[in-house]
Amino acid sequence: MSTDVTIIGAGLGGLTLARVLHVHGTPVTVYEAEASPSARTQGGMLDIHDYNGQLALEAAGLTDAFEAIVLAGREAMRIIDRDGTVLLEEADDGTGGRPEVQRGELRQLLLDSLPDGTVRWGHKVSGARALGEGRHEVTFADGGTVTTDLLVGADGAWSRVRPLLSAATPAYTGMSFVETYLFDADTRHPAAAKAVGGGSMLALAPGKGIQAHREKGDTLHTYVALSKPQEWFAAIDFTDAPAATARIADEFEGWAPELLALLTESDTAPVLRPLNGLPTEHRWERVPGVTLIGDAAHAAAPNGEGANLAMLDGAELAKAVAAHPDDIETALAAYERDMFPRSAAAAVDGAELYGFMFSDDAPHGLIDMFTGQEQGQGQGQKR
C-alpha cells in the first residue's frame, strides 16, 4: 500500500491504530504535541474491558504483554455511605473481565511495540486544511507542514483535525472533578486507605461524590465530583491549594473523616478537571481522506469506556484500511458506519450511569443497578 497515513495524537487510540497498521505492514507516522513520552504523567488506572479494549489489544498482538502489566485485585469495588458505612462490596476473583492497569504503563507498552521513529514528538498542530482529492496538509506550531493521503485525528476532545469534518465542539456537562493523590497511603494515611480497600471506592450523594482507586505503590488516586456551574469553580483560586481544598471540602461537611482525608490530606495540590462532552449522536458526512477516533470523535464524561473505545476505534480503523488497501474511502466508510452507533450507545450508557451515581437517591440507585445486573447475569446481562 502506498498511501501515506498520518495520525495526530499519541494517546492510546492513536498508538493502537499505529500498532495494528504496523502489524498489517502499513507504514504510519504519529505526530504528538508533547515533547517526549515522559513529558507529563499519564493519568491513573484503567479497566480494560473484554468486549472492546482487550479486543483491540488482541488485534495488536499484545495480549500477553498486556496481561503482564495487570494489577491483581484492583477490580474489587465498594460503595460507601457518607458516614463511612460500606453499603456494597465486590471482591476481585479474577473473573470480572475488566482487569486494571496503569494508563502510563499501557501507553508505554504500545510505544515499545512500534518501530523507532514512528512517533514524532514536539509537533503541536495549529491547523489542517484540505488540498483536494482526499489529501490534507497539517500545519504545526513551529511553522512546519506535512501532507498526507490519510489523516486521522486522534488528538482528543479539543481536536485540531475535527473542524475538517464537523463544527461540533465539546460542551460542559455540568459536573467537574477535583483530582488528588495520597502516597504511601497504608503507612501515612491508614484510615483513608482502609476506606478505599483494595480496588475502587465510591462514596456518593445527590450531585456530589468522592471516588478513589488504589494504584501501584499504595497510592490512592481520588476524583471529588461536584455538580456546579463553571462560574462556581472559576471563583476558586486553585493556585492557593489550601484555600481551594477548604472550599471544596465545605461541600462535604459532615462526611466521614476517612473520606474527607482523601481531599484534605492530599499530597498534591488539587487539580480541577471540568467534564466536557460532544453531542451524544455526534457524526459527520464522509469527507475523503480524513477521519477521527477516540475523544476527537466522541468525547464524553468519564464512564470507564473512553480509553477502551479509543483503542477499539484504532484497531477497527486499521483493520478496515488493511482490508481495503486500494480503496481508502471504502475503508473509512466501513469504519465510521460501525463507530457512530457504537460510540453513541456508550455515551447513552454513560449518561445513565451518571444518573444513577449522582441522582436524588444516590447512592442507592447505583446499588440497585449493580445488584440488578448481578441478578440478570444468568440471562446474559453484562456488567
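## Cores, strands and a helix pair

Of the 57 residues in the largest nonpolar core, the ones touching the most other members are Ile 7, Leu 17, Ile 48, Leu 106 and Leu 317. Helix 11 (residues 306–323) is the top contributor to this core, giving seven residues. Apart from it sits another core, this one of 31 residues, including Ile 80, Ala 212, Leu 220 and Ile 236. Bear in mind that this is a predicted model.

- Leu 17 lies in helix 1, which covers residues 12–23.
- With a relative accessible area of 1%, Leu 17 counts as buried, because the cut-off for that is under 20%.
- Leaving out residues up to four places away in sequence, Leu 17 touches Ile 7, Val 152, Ile 293, Gly 314, Leu 317 and Ala 318.
- Turn to Leu 317 and, with neighbours within four places in sequence set aside, its contacts are Leu 17, Val 152, Thr 291, Ile 293, Leu 332 and Tyr 335.
- In general, nonpolar side chains in soluble globular proteins tend to be buried together.
- For a sense of distance, take Leu 17 and Trp 284: they are 267 residues apart along the chain, and 20 Å separates their C-alpha atoms.

**Strand 15 and its partners**

- Strand 15 (residues 220–226) is mostly covered, with six of its seven residues buried.
- Strand 12 (residues 171–182) runs antiparallel to strand 15, and seven bridges join the two. Thr 180 is the residue standing opposite Thr 222 of strand 15.
- Strand 14 (residues 208–214) also pairs with strand 15 over seven bridges, in the antiparallel sense. Here Ile 210 has Val 224 in strand 15 as its bridge partner.
- Strand 14 and strand 15 form a hairpin with five residues between the strands, and Gly 217 in that hairpin takes a positive phi near 65°.

- Thr 222 is found in strand 15.
- Is Thr 222 buried or exposed? Its relative accessible area is 0%, so Thr 222 is buried.
- Not counting residues up to four places away in sequence, Thr 222 touches Val 178, Glu 179, Thr 180, Ile 210, Gln 211, Ala 212 and Leu 262.

- Strand 8 and strand 9 (residues 135–140) run antiparallel and are joined by six bridges. Arg 129 has Glu 137 of strand 9 as its bridge partner.

**Helix 8 against helix 9**

- The axes of helix 8 (residues 241–250) and helix 9 (residues 257–264) come within 10 Å, crossing at roughly 150°.
- The crossing of helix 8 past helix 9 is right-handed.
- Which residues make the contact? On the helix 8 side they are Thr 245, Ile 248 and Ala 249, and on the helix 9 side Leu 260, Leu 263 and Thr 264.
- By type, the residues of the contact between helix 8 and helix 9 come out as four nonpolar, two polar and no charged.

Terms used: Residues are numbered from 1 along each chain as its sequence is written. This is a predicted model: local features need pLDDT of at least 70, side-chain atom pairs count only at pLDDT 80 or more; totals for chains, interfaces and linings use all residues. Side-chain values use heavy atoms; hydrogens and water are left out. Two strands pair if DSSP finds at least two bridges between them. Helices (H or I, at least four residues) and strands (E, at least two) are DSSP runs, numbered from the N terminus. A nonpolar core is a set of buried Ala, Val, Leu, Ile, Met, Phe, Trp, Tyr and Cys residues joined through side-chain atoms within 4.5 Å. Buried means under 20% relative accessible area, exposed over 50%, partly exposed in between (1.4 Å probe, protein chains only). Contact means heavy atoms within 4.5 Å. Axes are lines fitted to C-alpha atoms, for helices over the stretch in contact, and angles run from 0 to 180 degrees between N-to-C directions. A crossing is left-handed if the near helix is turned anticlockwise from the far one by less than a right angle, and right-handed if clockwise. Ala, Val, Leu, Ile, Met, Phe, Trp, Tyr, Cys and Pro count as nonpolar, Asp, Glu, Lys and Arg as charged, and the others, Gly among them, as polar.
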